Amino acid sequence: MKLLAVTACPTGIAHTYMAAEALEVAAEEAGHEIVVETQGSAGSTPFTPEQLAEADAIILAADVEVRDKDRFAHLPTVTSGVKKAISGADQLVEQAVAAATAAPADRSAEPVLAVKQSGPGAASKVRGWLMTGVSYVIPFVAAGGLLIALGFALGGYQITEAPKVTEGFDWTSHLSWAALLFQLGALAFGLLVPVLSGFIAYAIADRPALVPGFVGGLVAVQTSAGFLGGLVSGLLAGGLIFWMKKWKAPRAIAGIMPVLVLPLIGTAIVGGIMFVVVGQPLAAATAGLTNWLNGLSGSNAILLGALLGLMMAFDMGGPVNKAAYAFAVAGLSTQSQTALLIMAAVMAAGMTPPLALALATTVRKKLFSEVERENGRAAWLLGASFITEGAIPFAAGDPLRVIPSIMAGSAVTGALSMAFGSTLRAPHGGIFVIPLIGNPFGYLVAIVAGTLVSAALVIALKSVGQKQKAAAETVPAPRSAATV
Amino acid sequence: MTDQLITADLVDLDLPSTSRQAAVTALAERLAKAGRVTDLAQFLADIEAREQQMATGLEGGIGIPHCRSAAVTVPSLAFGRSATGVDFGAEDGPATLVFMIAAPEGGNTDHMTVLAALARRLVRKAFKQELHDATDAAAVADYIQKEVGA
C-alpha cells in the first residue's frame, strides 16, 4: 500500500520529526510505502500531485492544525496525536491499512490538484494565497447567502426594509422570522471581505498578518471597496508582515514581535493605506461613475443594459457594482418605464455570475477544487436569489479568468433583458419576484443566455490555463510551515 | 566551533535526578556556560512553557525538554543521563535519557534541519542503546554529532 502521513507539533522541532521517523520505520517493517510531510520548523516539502493521487490512505499525527487538509479529502484518514505516532506508529500504520481496505480511496474525485498543482513562480504562489483566503470565505458565502435567500423566500423583497430584530421580534410573525434570517445572513456577508483579506494575509505571513488583514478588509468594507479592495488589503498585509518578519528585532522585544509589534505596526500601515490611498480616490471614482451613468439615461437602451451588466459583474458588491445597482434603484422612485427596464436588466445581470459558475462546476468538475465545487452547489440558489456575491469565491481565487467571463455573460443578459423589454418594480428578490416582472419569459431567456455565455467562457479560459500548467513542471513551491 | 550541535561540555552522564526542574536547570546551565543561551531565566521559562503545553516525556525512558527561544543563539543539544530516572510525564515511567533541544527564535531552515535530523535519531533503538552504554562525555558528543551529520 502507499501511505501518506503528516506530522506536526506545537514547537515544530522535535515530535514532528520523531513521529515522521517512527512512521517511516513502522511502515517499512510492515511492508508498505510511506511518504511523510513534516510540517515543522525545518520547512516542509508538500506532497506531489502524483503522491496524492496514488495514495491509499493518510495518517494525520498532529497536535496542531494540519495545513491544507483539503488535499486529503479523497483519502481514508487516520488521525492521532503526535506522541501516539512516536510510541505506537505500527498501530497507526495498521489502522491506515485497515481503513484503506475497508473504504478505498475515492479515485474518481480528483484530489484538489487543480489548486495545489501549481508550478513554481510568482503567479502560482499568488494563486495559492488567494485560494487559502477563498477556502475560508466559502462557508461565509454559503451560510450567509442561504440565510438571506431564506429571508427573501419567507418575507418577500421588502424584507430588506424590515426593522432590526433587536427592535422587536414577534414570535408568531413570519415576517419577524424572515427579518431574523435576513439580518443574520447580512451579518455573515459583512464578514466576507474581512475574512477573505485576513486569510490571504495569513497564508502569506502566518498569524501576525491576521490582524492587519482582517482590519484592512474591514476598511475595504467601510470604504465600499468591495472584494477587490479586500484582495488588495490581504496581499498588502501579508506582504508587509512577511517583510517585517525579516527585521532583526532587538532581543528585548523579539518575544513580543509576533503578538504585539507586527500586528500593531502592520494594522496601522495597512489600515492607513486602505483608508487614505485606496478609500478616498475610490469614493471619488464611485461618485464620478454615478454621475456618468445619470448622463447616459437617454442613450441606446440595449447598450446601456450591456454596460450595466458589465458593471454588475465586475466586482460583485464592490464600488462599480454598487454604482450600477444604486443607479437602478434610484430610478425606481420615478416609476418611469425606462427605470423599470433598467432595474430588470440590473437584477438579471446580477443573477448570472453565480448561476454561470454553478453551471461550470457541474459540467466541468475537474477544473475546480473540491471547495469550489461545494460552493458551486450553493451558488445555484444564491444566483437565483440575486445574491451576486455567490460568485466571489471563484473570482477571488482566479480573478483574471473568472471576472472577464462573468462580465461578458452579464453584459449579454443585461442587453437581452433590455431588448425583450422586461421590467421590474422591486429592487431585489431574484426568482422570488418573478410575479412582479414584465415579460418574465424574455427575462428568463436573457438570464439563461448570459449564464451559458459566462459558463462557456470560464470553462474555456480555465481549460487553457490547465493545459499550460500541466505542461510546466508541476513542482509545488516549497513553503515553510512554521508550526511554532 | 559553534557549528557543532553538541560538545563534550554539554553532556552530563550523571544528571541531577531529584526533580525535573533540577535536571532541566543543570542542562540549561551547561548551555548558558557554553554561550549558547544568553538569558538563563528566560530560556528556562520558555522550556517550562513548552512543558506545560504537554509533557515531553516519551515511552522508552526519554525526556525531550525543548523550545524555541529568543535566548538561544545557535541550535544546540544538551544531553543528560540519569541512572535513577527523572519524571518527564511519560506514561511508562521516568526518563533515563534527557535531550534538551534549544532552538533560536526564528532560526533559519538550515539550522532547523539539524534538529530535525536529531529528532529522527531519537526514535531509533540503536541510537538510544549507544547512549545508554557510553562511558565518556566526549565520545557521546562525537557520536551524536556524527549521527546527525552536521
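This is a predicted model: local features need pLDDT of at least 70, side-chain atom pairs count only at pLDDT 80 or more; totals for chains, interfaces and linings use all residues.
Local features need pLDDT of at least 70 and side-chain atom pairs count only at pLDDT 80 or more, while totals for chains, interfaces and linings use all residues. Residues are numbered from 1 along each chain as its sequence is written, chains are lettered from A in the order in which they are written, and side-chain values use heavy atoms, without hydrogens and water.

**Exercise 1. Describe the interface of chain B and chain A.**

Step 1. Count residues in contact (heavy atoms within 4.5 Å). Chain B gives 27 residues and chain A gives 22.

Step 2. Take the buried area, the accessible area (1.4 Å probe) that two parts lose on being put together, summed over both. The value is about 2,200 Å², with 65% from carbon and sulfur atoms. B:R68, B:R120 and B:V123 supply 27% of what chain B buries against chain A, more than any other three residues.

Step 3. Look for charged pairs. A salt bridge needs a side-chain nitrogen of Lys or Arg within 4 Å of a carboxyl oxygen of Asp or Glu. The rule finds 3 across this interface. One of them joins A:E24 to B:R120, with the closest N and O atoms 3.1 Å apart.

Step 4. Assign elements (DSSP runs: helices H or I, at least four residues; strands E, at least two). On the side of chain B that touches chain A, α3(B) gives the most, with 8 residues.

Step 5. Sort that side of chain B by class. It has 15 nonpolar, 7 polar and 5 charged residues; here Gly counts as polar.

**Exercise 2. Classify the packing of α7(A) and α8(A).**

Step 1. Helix α7 (residues 174-190) and helix α8 (residues 192-205) of chain A pack at about 30 degrees, their axes 4 Å apart.

Step 2. Angles under 35 degrees count as roughly parallel. Therefore α7(A) is roughly parallel to α8(A).

Step 3. Name the contact residues. α7(A) uses A:A188, A:F189 and A:G190; α8(A) uses A:L192, A:V193 and A:P194.

Note on methods: Axes are lines fitted to C-alpha atoms, for helices over the stretch in contact, and angles run from 0 to 180 degrees between N-to-C directions. Angles under 35 degrees count as roughly parallel, over 145 as roughly antiparallel, 65 to 115 as roughly perpendicular and the rest as oblique.
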